[in-house]
Amino acid sequence: METKTTGLWGRCRAGLRWVGRRIWTMPGQKALWLLFVLTPLIAFLEVELLSENNPFRSLEAWQWGLNLLWYGCILTFAWLATGRRKGSIAITMGLSFVMGLANHYILEFRGRALFPIDLLSLRTAVNVAGNYDYTPDFFVWCGVAVLAAVLLPLAFLPKEPERFGGKRWLKRTCIGLCGGWLIYIGVFFFTGMLPACDIYAQQWFTKGNGFLLNFTVSARYMRVEKPEGYSEQKVKNRIDLLESSDDLSNAEQAVTNFIIVMNESYADLTEYDGLTLSGDPTPFLHALRENTIRGDMISPVTGGGTASVEFEVLTGNTNAFLSSGTVAYQMYLRDGTASLAQTADAMQLRTSAYHPYLASGWNRTFAYPWMGFQSQYYQDHRVGDDIDTNYTDEDLVREYVSDRADYERVFQLTDAARAAGQRCFVHNVTMQNHSGYNKAWNHLERGVVLTGDFAGQGYDNTTNQFLALMGESDRAMQALIAHYTEVEEPTVILFFGDHQPPLDNDLFEDIYGKELDDRTDAELIEQYKTPFLIWANFDIPEQEGLTVGASFLGAMASRVAGYPQTGYMKFVSRVAEEFQAITPVGYILKDGTVVREEEQLSPEQQELAETYRWLQYANLFGEDVAHDFFFVNESN
């Protein structure tokens, strides 16, 4: 039997070789040349297939052209490196498959495309990589089929005997093409071609531009250029004008303990009209009113990108004025960055950052000291002795430290400050609710679930686990508030979700009854909203129904906490009087209208936005521009 099978396989191989030789001996090796020329197109279609994108419907002709140019660039440089068309085809197709597969899973897990900054976040990605389900789906198998359809016939074609077939004109042609590509790359990345052509990265529409074009455009905009019209003297003139007309006085409250709880992936799904649930997953959140300011925060990200939200809340800066897809913690911060922690440190408060997970994520171990944190605590690393970071199995929900166990460590931080005769500033980033939501239900009660048409769908199990996590967070929040209700020191807690969870895109398409890229601006913004509240254990005026951008939230809460306001914080508060938020999606006016381009704002709004952009650039990249305007020190 084995002999017959081997013989049959041998005859099949011989037949395929015969076909291959027949193709090879065609005049001018037309078959190989045809495949070579078609490779950029096939690679492009393979990547878009893995991205679940129909480029025939979603992309314009110029987007097709620029994508094909990049795939042609890969093919040509691979040809130069190998000297053989077969090698260049194999490299181009293999690399394209890897890129498409990576983008496919980023879309599945985070609901957004892959960006260059994700390559700088590999340590963070590796930390949580085991928490997702990589079972190949229809699109992955289709991508594999396309790859096999190219590589298998290619394997039966004879090898080219010499580099470039021994023909000098082919080698010179390849070198000339590579020279042309180098000029194109220089123009693409280092000139104003893209802004002049109105080409920008699409990070909110999952299929905009096509993957490779969007990736390279994002890389182009990773460099933060000086804003148009910017100069240090103009910034100083604007600051002088702001200070002369200052109508926002410093807070007069006694200095308090100020605790920031940024709760991982915390979101209120009950705000989605039409989504049917068996109950309320967060009853305590919805009932809390006394001494509470509450509403929705508009996050700059959705599905992931925690550090970008931290950056906005702690500094008052906005990601809208940074290059698309970048993370300030990894690229733009430096020692002495102005922040709420720096203000607290100048006031001689005890400043601590606490995150019950690995220290390798988002460059925090460097970013936190640069912003003024004296101590920082992680699951595997700590700088300070105020809390115990040893956790038992009872401290875990699924496989992450629970909110309850997390808040117990926050209690230890404020207790340590009390014992030292100090007040404190605590920045806490929780971990309990991190995706994915297909884990074992360890120490997690099943509670509110999807009902109606949403039950029994492919996304109901993961969504129900997320809803159960919200219930667990709600009970932990109740314990957090109860604890500080009994504490004598005046205490302010700012609580908010960093971003909405990366739930299945099909869930949101069912909620809206349309594909995600077809949503209105108002519907799009809904997926960037998370709950926030500012609570105090002393009397403050209650407010609710507010909508506030993440870059405005820190200044708002710091005033309640009695923090002195720098000139920059006062200016940010003034911007918040005109806008709900300024985010990478666009400018969101007080009535909720989304304005995507600055030129579409009123003249007064444009001037305010321009001043914000200039001041932020001076704050992050300017050299000693009006230091006292951005920092709290003895002079102010």
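How far is the sulfur of C73 from the closest cysteine sulfur, and which residue holds that sulfur?

## Cysteines

The distance is 7.6 Å, and the partner sulfur belongs to C178, too far for a bond. A disulfide is a covalent bond between the sulfur atoms of two cysteines. Here a disulfide is counted when two cysteine sulfur atoms lie within 2.5 Å. By this rule the count is zero disulfides.

C73 counts as buried, at 5% relative accessibility. C424 also counts as buried, at 2%. Buried means under 20% relative accessible area, exposed means over 50%, and partly exposed lies in between (1.4 Å probe, protein chains only).

## Model and numbering

This is a predicted model: local features need pLDDT of at least 70, side-chain atom pairs count only at pLDDT 80 or more, and totals for chains, interfaces and linings use all residues. Residues are numbered from 1 along each chain as its sequence is written, and side-chain values use heavy atoms, with hydrogens and water left out.

## The chain overall

The chain holds 25 helices and 14 strands. Both are DSSP runs numbered from the N terminus: helices are H or I with at least four residues, strands are E with at least two. Of the 636 residues, 55% are buried.

Contact means heavy atoms within 4.5 Å. Take the contacts between residues at least 6 apart in sequence: 77% of them join residues at least 24 apart.

## Helices α23 and α24

Helix α23 spans residues 567-578, and helix α24 spans residues 603-621. Their axes come within 11 Å and cross at roughly 150 degrees. That makes α23 roughly antiparallel to α24, a label for angles over 145 degrees. Axes are lines fitted to C-alpha atoms over the stretch in contact, with angles from 0 to 180 degrees between N-to-C directions.

The crossing is left-handed: the near helix is turned anticlockwise from the far one by less than a right angle. From α23, Y568, F571, V572, R574, V575 and E578 take part. They meet Q605, L608, T611, Y612, L615, Q616 and N619 of α24. The contact residues divide into seven nonpolar, four polar and two charged. Nonpolar covers Ala, Val, Leu, Ile, Met, Phe, Trp, Tyr, Cys and Pro; charged covers Asp, Glu, Lys and Arg; the others, Gly among them, are polar.

## Two single residues

S375 sits in strand β4 (residues 375-377). S375 is buried, at 9% relative accessibility. Leaving aside neighbours within four places in sequence, S375 contacts T351, S352, A353, V383 and G384.

G94 lies in helix α5 (residues 85-110). G94 is partly exposed, at 23%. Its C-alpha atom is 9.0 Å from that of L151, 57 residues apart along the chain.

Conventions
Angles under 35 degrees count as roughly parallel, over 145 as roughly antiparallel, 65 to 115 as roughly perpendicular and the rest as oblique.
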